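Please look over the sequence and the structure shown below.

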Amino acid sequence: MENLLQVGVISSTHGVRGEVKVFPTTDDVGRFKKLKEVLLDTGKEQITLQIENVKFFKQFAILKFKGYDSINDIEQYKGKSLFVTRENAVKLKKDEYFIADLIGMQVENEDESFTGILTDVIETGANDVYVIKTGEEKEVLIPAIRDCILDVNINENKMKVHLLDGLLD
């Protein structure tokens, strides 16, 4: 299980006073208002950044970090990811999971005639769709609905599914 969960990516600077535009990779962009700090992954190290101010513009969060007061201080971090620790992550409801916990999960159907690895989650308007890669390198798309997803066991890294007619065709 991942201890760090991505909440956004710095897409560009915003103005000249050290603010950045963050593309959220979380379902609720408003959660940035509740965060006090994030971890910036520079590729070489992780830096803890204290959030000083949060605004919103279109689909972006505009963040100002303590100690970064000019465009020159922050420009080098464009394209870098922002993370939170699992302790600072949003609380999940029943039958909700972090995508990071699902990727790599072993998937099998009720009679174990179908097995694969969950490799991706496609977020659609209605429901998520899980991309399962089989041993034959075939991709199977399974909707994340109650009729299809029977059990998810994060601790054992296993998912039990029911394959609706036509999903394997």
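**Strands and salt bridges**

Strands S1 and S2, the latter spanning residues 19-24, pair in the antiparallel sense over 6 bridges. The model is a predicted one. Within this pairing, Val 9 stands opposite Phe 23 in S2. The hairpin of S1 and S2 has 4 residues between the strands, and Gly 15 takes a positive phi near 80° there. Strand S1 covers residues 4-14 and is also joined to S6, by 5 bridges, with the two strands running antiparallel. Here Gln 6 is the residue that stands opposite Phe 83 in S6.

Is Arg 31 buried or exposed? Arg 31 is buried, and yet it has no salt bridge. Asp 28 is the nearest side chain of opposite charge, and it is 6.3 Å away. A salt bridge requires a side-chain nitrogen of Lys or Arg within 4 Å of a carboxyl oxygen of Asp or Glu. Leaving aside residues up to four places away in sequence, Arg 31 touches Val 7, Thr 26, Val 84, Asn 88, Ala 89 and Val 90.

Another part of the model is an open sheet of 6 strands. Its order is S10-S9-S8-S7-S12-S11, and the pairing is mixed. S10 and S11 are the edge strands, each of which pairs on one side only. On average, neighbouring strands of this sheet are turned by 35° against each other, direction ignored. At one end of the order, S11 and S12 run antiparallel and are joined by 4 bridges. In this pairing Asp 151 stands opposite Lys 160 in S12.

Lys 160 also has a charged partner. Which residue forms a salt bridge with Lys 160? The partner is Glu 108, and the closest N and O atoms are 3.0 Å apart. Glu 108 belongs to strand S7 (residues 106-109) and Lys 160 to strand S12 (residues 158-161), so the pair links distant parts of the chain, 52 residues apart. Asp 95 takes part in salt bridges with two residues, Lys 94 and Arg 146. The side chains of Lys 94 and Asp 95 meet at 3.6 Å, N to O. For Arg 146 and Asp 95, the closest N and O atoms are 3.1 Å apart. Arg 146 lies in the loop between strand S10 (139-143) and strand S11 (149-153), while Asp 95 lies in the loop between strand S6 (81-85) and helix H2 (99-102), so this pair ties together parts that are 51 residues apart in sequence.

The residues of this group can also be described by their accessibility. Lys 94 is exposed, with a relative accessible area of 72%. Arg 146 is exposed as well, at 69%. Asp 95, at 42% relative accessibility, counts as partly exposed.

Terms used
Residues numbered from 1 in each chain as written. Predicted model: local features only at pLDDT ≥ 70, side-chain atom pairs only at ≥ 80, totals over all residues. Heavy atoms only, no water. Buried < 20%, exposed > 50% of the residue type's maximum accessible area, 1.4 Å probe, protein only. Pairing = 2+ DSSP bridges. Axes fitted to C-alpha atoms, helices over the stretch in contact; angles between N-to-C directions. Lys, Arg positive; Asp, Glu negative; His and termini not counted. Contact = heavy atoms within 4.5 Å.
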